[in-house]
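Hello,

Here is the structure I promised to pass on. Have a look at it first, and then read on for what turned up.

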Amino acid sequence: MYDDRLVIAGREFKSRLWVGTGKYKDFVETRKAIEVSGADVVTVAVRRVNITDRSKENLLDFLDPKKYTILPNTAGCYTVEDAVRYARLARAAGVSDLVKLEVLGDEKTLFPDTAGLIEAAKILIKEGFIVLPYTNDDPIVAKKLVDIGCPAVMPLAAPIGSGLGIRNPYNLKIIMETVKVPIIVDAGVGTASDAALAMEYGADAVLMNTAIAGANDPIAMAEAMKYAVQAGRLAYKAGRIPRKLYATASSPIEGML
Amino acid sequence: MGEALKIQVNGQPRLCPTGSTVGDLLRELEIKTERVAVELNLEILDRQDFDVRSLKPGDRVEILSFIGGGGLVSGERTEGGRTDV
């Protein structure tokens, strides 16, 4: 379409839509939705292997690692120790130093514990991880994360899985002006217009899971999200007209009867 | 072989032949070693060490891998979102 690649820590990504792999009906649906979305980054969680039923298939058998960047997360971790442990396990199980770092503060909101996040990020960066932190829509925290070496920040639009859309566009704007690294809006998107808005505001990418997987037709929503992110990005680059209170005629007055 | 040694694997008690290594345990469980992480008593093992690390009675082994996830807590996942190696 146009050459507009996203570069994070020297890695190039062609899609600005990143997707999670949870909550789908089965792996066939997961794979189809991801294919249709055009995403080239997919997030995965790290969990115990089911040792009692070995017949179950593995998600990664359904996703070609040559086609996708697998981004392990530390979802479900509420302490610095747990998040660091899961990140290390992800690296041991995987192939790269990338981690989407989550340190959650509260089960009801799944809001990040930003103090814990910064602490965990420091430890992991020292160990050579490329830390992409899931953070609040807080410009000060975003700046601190960048200062300690995060090559991108991932502020939420709204609580994970809430579908509320962008609850604080002004904070996101301030984050975009405050830090000079890519901003990936992560969590809270409900439908295509939310994703388009995030991109129009100037986000570099959008990460979502539930908005696609939880839709009545996840495959159709995956396609909608693909276009929404592309349209929002194009609109951002094109530059919107200013808002005005009164009309400005589009047709000339000259030549009228 | 002969005597069994009692260990814990992913939180469940398990008996292994004496002298088993971590690699033996993974083979017995039919778990492919690529894409898994193994913790032995909280120490994350290098994949190339699986066959040299032998198991002792009371060892706690955790075997983990990637499953479907976005930013979810574990209880939120549907059955279809689960995966194994």
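A word on terms before the findings: buried means under 20% relative accessible area, exposed over 50%, and partly exposed in between, with a 1.4 Å probe and protein chains only. Helices (H or I, at least four residues) and strands (E, at least two) are DSSP runs, numbered from the N terminus. Please keep in mind that this is a predicted model, where local features need pLDDT of at least 70, side-chain atom pairs count only at pLDDT 80 or more, and totals for chains, interfaces and linings use all residues. Residues are numbered from 1 along each chain as its sequence is written, chains are lettered from A and ligands numbered from 1 in the order in which they are written, and side-chain values use heavy atoms, leaving out hydrogens and water.

Chain A has 8 helices and 10 strands. Of its 257 residues, 54% are buried.

Helix H6 of chain A spans residues 192-201, and its buried residues are Ala192(A), Asp194(A), Ala195(A), Ala196(A), Ala198(A) and Met199(A). Their cover includes helices H5 (169-178) and H8 (218-238) and strands E9 (184-186) and E10 (205-208) of chain A; contact here means heavy atoms within 4.5 Å. After H6(A) comes Gly202(A), with a positive phi near 115 degrees.

Across the chain, 65% of the contacts in chain A with a separation of 6 or more are between residues 24 or more positions apart. The C-alpha atoms of chain A fill a box of roughly 85 × 40 × 35 Å along the principal axes.

Best wishes
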